[in-house]
Structure formats: C-alpha cells, structure tokens
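Welcome! Have the sequence and the 3D view ready, and try each exercise before you read its solution.

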Amino acid sequence: MTRTPDRIRRFRLTVAGLTAAVVLTAGCTLPAFAPRADVDGEAAAPGAAPTWRSCPEVADEVVGRRAPDIRYECTRIQVPRDWAGGSAATTGPGAGETFEIALLRARSTNQRDRIGSLLINPGGPGGSGVDTAVYLTFGEQYGGLPDAILERFDIVGFDPRGVARSSPVECIPDADLDAAFGYNPDPESQASFDDFVALNKQIGQGCGAKYGDQLPLYGTEQAARDIDAIRAAVGDEKLTYLGYSYGTLLGATYAQLFPQRVRALVLDGAVDPRQGLIEGSESQAKGFERAFDNFTRWCAANAGRCPIAPDARAAVTSAIDKAEVSPVRSADGREATAGWIFYAIVSSLYSEPGWQQLAQAIDRLNEGNPTDVFRLADNYTDRDSDGNYSNLFDANLAINCADEEQRPDLERIRQLQSEWRTQYPLFGAPLAAGLVSCTEWPGGSDPYPTGRAEGAPPILVVGTTGDPATPYEQTPALAEMLGVGRVLTWEGEGHTAYPQTACITQAVNAYLIDLTVPTDGVRCPAR
C-alpha cells in the first residue's frame, strides 16, 4: 500500500508514541507504512566517508510520488555493535562486529545559504527516520517542514539500529502480534492474566533464542553514539537535530554524551529520562485519560459531528464491554475484540482530527460494521490488510527493554493494575498490564545517562498541553534535567507541536536557522 500526500499530515501527527511505557507487547505508535524500498549500496566502514546514490524510488514507495524540487540520496554506514568496546572489541556481545545504518538525504533544488544537515528522528522507538524524512519534504501544506527549513538544510533521516532498514530486529511472528493486540486490554481474572503472561513469555523466548546476549546492544545510548557517526558521515562539525517523542530521549542522550558537538537540538514531545517503566506508564495513563476527557467534552459540544454524543465515554466503554462477550466480526471473519477497540481509541487520540474518526468508528461498530475500528487500530499497530506487520514492535521492545534496568515483577504489576483501574478508568489497567512485556523480556540492560548536558548550548524543549503520549509535565522536567533546556509550550491537543501553528513554527525556525533561542517559558495559543 502506498501513501498519497494528503495522508502526510496524519503521519506527522502520529509519529512516535508510547515511549518507556509498554502496552501489551510494546508501547509506541506509528501509522502503517508502505513496503519499504531498501537503501541499497555497500555500507561505508566505520569512520569512512560514505558514497551517496540517487534514490527517488524510496519516495515512490513510501508516499507514492516524489516531492517537487527535492533530490533524494541514500547511503549506509557501518557502526560498531558495541560502542563500549569499539569495532575492534574482542570480548562480549557484538565483539568486532558492526550494524549497518541506513540514511536518506533530501536536498531542495531551491537550497540557498546552506547551513548543514537537519537530522530527523520520529520516535517510537521503532519509527523509520528514512520514511519520515520523505514525508517531511512535502512541505507545509501537508504538515511537513516549512520551506524556510527545506531551503537551508539537507534533511537527513536515519533508521536507528534494529529498525526497518538498519540491521532490523525481526523475531515476533505476525500471529503473536495479532494475539497480543487483540487480547483483552485489562486481563482482570487470574486465568486471563496468566494467559497474557504466557503470550509475552513466548514472545520474549523467541527473541532471546534468536539474539541472545546481543539484545542490550539495541539500547538508546548505543543509538545516540550512532548519531555522532552520522554527524561525521554527513560532514557536519556540529549536530542540528529534530527529535519527536522518543526522539527527544535519543537527542537528550546525545547532548549528555557529546555536549560540545551540539549546534541546535529541538526536542518535541518531551520524555523525562528519569522516569522508569512504572513512572512512565502511569504518566501515560494519566495523559491518555486526560486526552480522552478532552475528546468526550468535544463530543458533547459538537453533537452534529459526534454520533456517540452526548456521553462518549459511556458509548466507548459499552463497546469494549460488549466486545469482551460477543465481538463484531468483519466480512472476512476478523473479530473486533476489546483489544482492537482499545488500540483504535489510542490511535485516535494522537491528533484532534482523530476524535471525529473515533466517534464514527464506535458508531459504525454499534451498527455491526467494524471496518473503521480496524482501520484505526491497524494504523497504530502497523498491520497491513493481509495481516503482516513491519518490525516496528520487534524493535520497540528490544530498545525499550534494553534501556530499563528495573523491571517490576508480576505481583507488583497485578497491584498496579488494580490501583490504576480506579485512578485511570480506561487506560490505567492496560498500561499496568503492559509492563509484563519487559518483565518477560530476556537479556540484560544498558541504561542511558540521566544528567546535565554540561557545555552544550541552549536546547529547545517543546511540549503540548494536551499531549496524551508524552504528557506536558515531562517537558519542563527534561529541560531542567539537561540544565540548558529552554521550554516552548503549545496550548494545543495531540502529540507533538512543530510545525502546527505560526507561533510554534516561527520560534522553532528562528532557533534552527539563526540559533535565536525563545525566552524560556513562551506559550503559544492552540490556534
């Protein structure tokens, strides 16, 4: 399936997602991708200058056509699997071995006064920066990057280690993903919870059998060191970077490791690196509950556009309850279980335009038509119409779990499930149950640093007050942790802010282009 440019805005609004938290098998969100054109060519050895080749076919595959006035080039570079030992390491996992990192460079034919490269990460973890770079080149009319940025920077997207085209982690069968996403999001009875644990254990054992003690090598600190290799490969003395959601964690880690090599970092949809699995999951439960409340208020005030008004919460809850007993079947026999409805809800909350889509999906489900529920859920899970998945969630689990040193035991998860069910009625128990996926994940951990970016220039940290996936409270927390963070707030809805409004766009553009730092605490209105 290819994407037409009118879907680019939806893509950008949903890039990145449930970061440190995990829902069922993993936590993140991205729309379904088109089949990914490979980034061909021999990878440059570590430290060697790469050879770029023209690759317009990647845009053809990802979007269905090419952005006007944009040239696409691709390359691969090799990086050490374990930066702690370097490529010449002789002991430990990954000793002497490398990963290949796929890069795409988009350059406008209208480029003038080039500043350098703007490196993009869409988050996830597990999102393809190559795909995202293509989308963002279609410009402001499609929710892409402003012309002012496209004319001054090469836009460089990369698939992080383990993701998409970059030595991808592939170890979860499609059938297991179907089972996990379709499972009751709140396995309340002990028998249901035990079966849920068994499913996650089966997934973990399969990945452990394939990758063994190399699983920790997919962690965030290793990927942040890859970014410095990319900076060198594109010929930039210092890094200019735009990271969304999990991409803010990746950027913050880079700033701590290489503060003197930072030119400008925009961290949009901030993750607080000091939150562990439990804190991150509860933060998201609170954020999604708040976003859902905003949706229900919108529904009550816009009954003409919301067919499940006036009580949208009751309608959604009723649909989940009914599905637990007698799920609606599609024409091909697929069952719209409580799990699939839950993920349709999650998917729709990433942008305000998704609210009306959710209302219509629940209304049509009540009429016996689950098509829209599956469309929203599949958009989240990256499932195509044939039931095939990308490696998004394989990579998401590998990265998230490698980062986490402390993983709660099953008894603690059951306790949280009960507590959060009361505190956050729709999202609390599922977010608590989702902690099982890392608890049952094999291999060790490789935690990232959580300190100040001493010696770095000011870093712009952007937050949205209605963000469900990276709740706004994490924005000032990240800025404070870094010590050089400057907060820019959008009083809007949805996940991530740039470039949503003129106020946000002007502030970020001035920072990226001229290094003009907005006054700390500037707030931009929703419209």
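C306 is buried, having a relative accessible area of 1%; buried means under 20% relative accessible area, exposed over 50%, and partly exposed in between (1.4 Å probe, protein chains only). The model is predicted, so local features need pLDDT of at least 70 and side-chain atom pairs count only at pLDDT 80 or more, while totals for chains, interfaces and linings use all residues. Residues are numbered from 1 along each chain as its sequence is written, and side-chain values use heavy atoms, with hydrogens and water left out.

## Exercise 1: disulfides

Task: Find out which cysteine forms a disulfide with C306, and describe the link.

Solution. 
- Step 1. Start with the rule: a disulfide is a pair of cysteine sulfur atoms within 2.5 Å.
- Step 2. The sulfur atoms of C299 and C306 are 1.5 Å apart, and the two form a disulfide.
- Step 3. The torsion about the S-S bond is 50°, and the link of C299 and C306 is right-handed.
- Step 4. C299 is buried as well, with 0% relative accessibility.

Task: How many disulfides does the rule give, and what pattern do they follow?

Solution. 
- Step 1. The count comes to 5 disulfides.
- Step 2. Count the bonded cysteines along the chain, and the pattern reads 1-2, 3-4, 5-6, 7-8, 9-10.

Task: Describe the disulfide of C55 and C74, then that of C503 and C524.

Solution. 
- Step 1. C55 is joined to C74 with an S to S distance of 2.1 Å.
- Step 2. This disulfide is right-handed, because the torsion about the S-S bond of C55 and C74 is about 75°.
- Step 3. C55 sits in the loop between β1 (53-54) and α2 (56-62), and C74 in strand β2 (residues 70-80), so the pair ties together parts that are 19 residues apart in sequence. Helices (H or I, at least four residues) and strands (E, at least two) are DSSP runs, numbered from the N terminus.
- Step 4. C55 and C74 are both buried.
- Step 5. For C503 and C524, the S to S distance is 2.0 Å.
- Step 6. The link of C503 and C524 has -70° about the S-S bond and is left-handed.
- Step 7. C503 belongs to helix α19 (residues 502-514) and C524 to strand β12 (residues 522-524), so this pair ties together parts that are 21 residues apart in sequence.
- Step 8. C503 is partly exposed at 28% relative accessible area, whereas C524 is buried at 0%.

## Exercise 2: a strand and its partners

Task: Which strands pair with β4, and in what sense?

Solution. 
- Step 1. Two strands pair if DSSP finds at least two bridges between them.
- Step 2. Strand β5 (residues 153-159) pairs with β4 in the parallel sense over 5 bridges. In β5, I155 is the bridge partner of L118.
- Step 3. Strand β6 (residues 239-244) also pairs with β4 in the parallel sense, over 3 bridges. Here G243 of β6 stands opposite N121.
- Step 4. Look at the cover: β4 (residues 116-121) has 6 of its 6 residues buried.

## Exercise 3: the sides of a helix

Task: Why are the buried residues of α12 on the same side?

Solution. 
- Step 1. In helix α12 (residues 353-366), the buried residues are G354, W355, L358, A359, A361, I362 and L365.
- Step 2. They lie on the same side of α12 because they cover an arc of only 160° around the axis. The arc is that of the directions from the helix axis to the C-beta atoms.
- Step 3. An α-helix has 3.6 residues a turn, so residues three or four places apart point the same way.
- Step 4. Just after α12 comes G368, with a positive phi of about 95°.

## Exercise 4: backbone details

Task: Locate two cis peptide bonds, one at P125 and one at P310.

Solution. 
- Step 1. G124 and P125 are joined by a cis peptide bond with omega of about -10°. P125 is in the loop between β4 and α3 (129-136).
- Step 2. From A309 to P310 the peptide bond is cis, with omega near 5°. P310 is in the loop between α9 (277-301) and α10 (312-325).

Task: Is D113 buried or exposed?

Solution. 
- Step 1. D113 is in the loop between β3 (98-108) and β4.
- Step 2. D113 counts as exposed, because its relative accessibility is 54%.
- Step 3. Its phi is near 45°, a positive value in a residue other than glycine.
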